[in-house]
Amino acid sequence: MLGYRFTRYTPEKDERSPFEKLFDIFMELLTYTSGDVDEAIDWLRELDKEYKLTDENYTIDDFIEDLKKKGFIDDGNGKKGQGPGSGHGMTAKSEQVIRQRSLEQIFGKMKRSNTGNHKTGKTGLGDEPTPETRDFQFGDRIEQIDFTESMRNAQVNHGVGDFQMTENDLVVRENEYKTQASTVLMIDLSHSMILYGEDRITPAKKVAMALAEMIRRKYPKDTLDIVVFGNDAWQVSLKDLPYLEVGPYHTNTVAGLELSMDLLRRRKNPNKQIFMITDGKPSCIKINGEYYKNSMGLDERIVNKTLNLAVQCRKAKIPITTFMIARDPYLQGFIREFTEANKGKAFYTGLSGLGDFIFEDYERNRRRNTR
């Protein structure tokens with residue numbers, strides 16, 4: 001009989017322990033509080049009051065003690081930048097868990113793969129065998145010879161009774177080049193990343209942590225440097241990411257690009273790229289050691305210097321992919337001009353799709369300058 005049969009919905013029973021249930025919430029709160037453990041605990045207590053997350057058998061205080069016993073938090077470190085004894089602090093174990101969670105949230109659970117390198121689509125004296133074969137040529141290496149196919153040719157050409165193999169029977173299997181890539185991820189820390197009632201810095205941090213974890217697992221030969229920029233630009237390490245906070249900064253895109261180019265010059269990989277996450281226009285540069293700032297519209301002096309650096313990156317064969325998370329038409333117009341100057345790419349994306357765009361673009365690996 002065709003049709004639908006309706007039954008009573010029975011929700012699946014949550015088999016997680018009380019600690020595991022609270023731990024997921026706590027790790028998420030740590031990202032939003034920029035690694036401030038005590039503030040995250042305060043938020044967790046407020047959520048417990050409203051949603052009854054615990055009972056008399058397992059309280060928030062019990063959860064805190066378990067966090068200490070399992071090595072996720074410790075005493076006396078406090079928030080980064082504060083002195084000893086100022087409260088609880090995150091441990092390296094917590095930082096690793098946050099990166100892992102970011103990877104799973106944004107990119108999904110990744111399948112295990114071999115040593116991470118990017119395919120280029122070119123064949124020849126490469127690294128990974130392909131199904132294609134060709135006739136042996138002078139200069140081919142012996143390890144390139146497909147002996148199974150070559151012996152089959154010898155049998156067909158000379159017979160089994162009088163078996164012999166000549167140069168004309170030999171075929172070699174084409175190999176596919178695999179490359180290493182050096183990437184700089186630029187993150188905007190200007191004040192606009194938390195203005196207008198929208199938290200833009202937390203998704204940016206999550207994407208950075210997920211990208212770093214993905215590269216570490218899938219492409220261990222690649223390099224990733226992380227640059228943050230406000231009035232100035234500075235490099236941060238992977239362990240610093242959970243603690244990043246937006247400051248009372250303008251947007252010195254020029255400083256970020258200059259530092260990124262300097263970092264990439266030190267890398268010996270031929271394939272280099274910059275990913276830039278920003279929500280606004282460049283509004284600050286340094287002239288003779290003094291800040292020149294203008295938040296009103298697009299300042300010609302600041303814009304021209306930014307475009308000049310985009311051209312310099314193009315000449316250095318460093319493509320820039322900009323992930324624009326603001327919708328203002330005049331700002332998107334500037335990004336189009338910036339992208340044209342660099343011959344790079346731009347994605348105009350909301351916060352929810354940011355990770356997908358970055359992951360797909362990194363995987364696509366369209367660099368053509370393999371040597």
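The legends below describe close-up views of a predicted model. Local features require pLDDT of at least 70 and side-chain atom pairs pLDDT 80 or more, while totals for chains, interfaces and linings use all residues. Residues are numbered from 1 along each chain as its sequence is written, and side-chain values use heavy atoms, without hydrogens and water.

**View 1. The buried face of helix H3 (residues 60-69)**. Ile 60, Phe 63, Ile 64 and Leu 67 are the buried residues of this helix (buried: under 20% relative accessible area, 1.4 Å probe, protein chains only; helices: DSSP runs of H or I, at least four residues; strands: E, at least two; both numbered from the N terminus). Seen down the axis of H3, these residues fall within an arc of 100° and so line one face of the helix, the arc being that of the directions from the axis to the C-beta atoms. They pack against helices H1 (18-32) and H2 (37-51) and strands E1 (73-75) and E2 (88-90) (contact: heavy atoms within 4.5 Å). Just after H3, Gly 71 takes a positive phi of about 85°.

**View 2. The aromatic pair of Phe 26 and Phe 63**. The arrangement is edge-to-face, with 5.7 Å centre to centre and 80° between the planes (rings of Phe, Tyr and Trp, the last by its six-membered ring, pair with centres within 6.5 Å; planes under 30 degrees apart are stacked, over 60 edge-to-face, the rest tilted). Because Phe 26 lies in H1 and Phe 63 in H3, the pair ties together parts 37 residues apart in sequence.

**View 3. The aromatic pair of Phe 334 and Phe 338**. This pair is tilted, at 6.2 Å and 40°. Both residues lie in helix H9 (residues 329-342), four residues apart.

Conventions. Buried means under 20% relative accessible area, exposed over 50%, partly exposed in between (1.4 Å probe, protein chains only).
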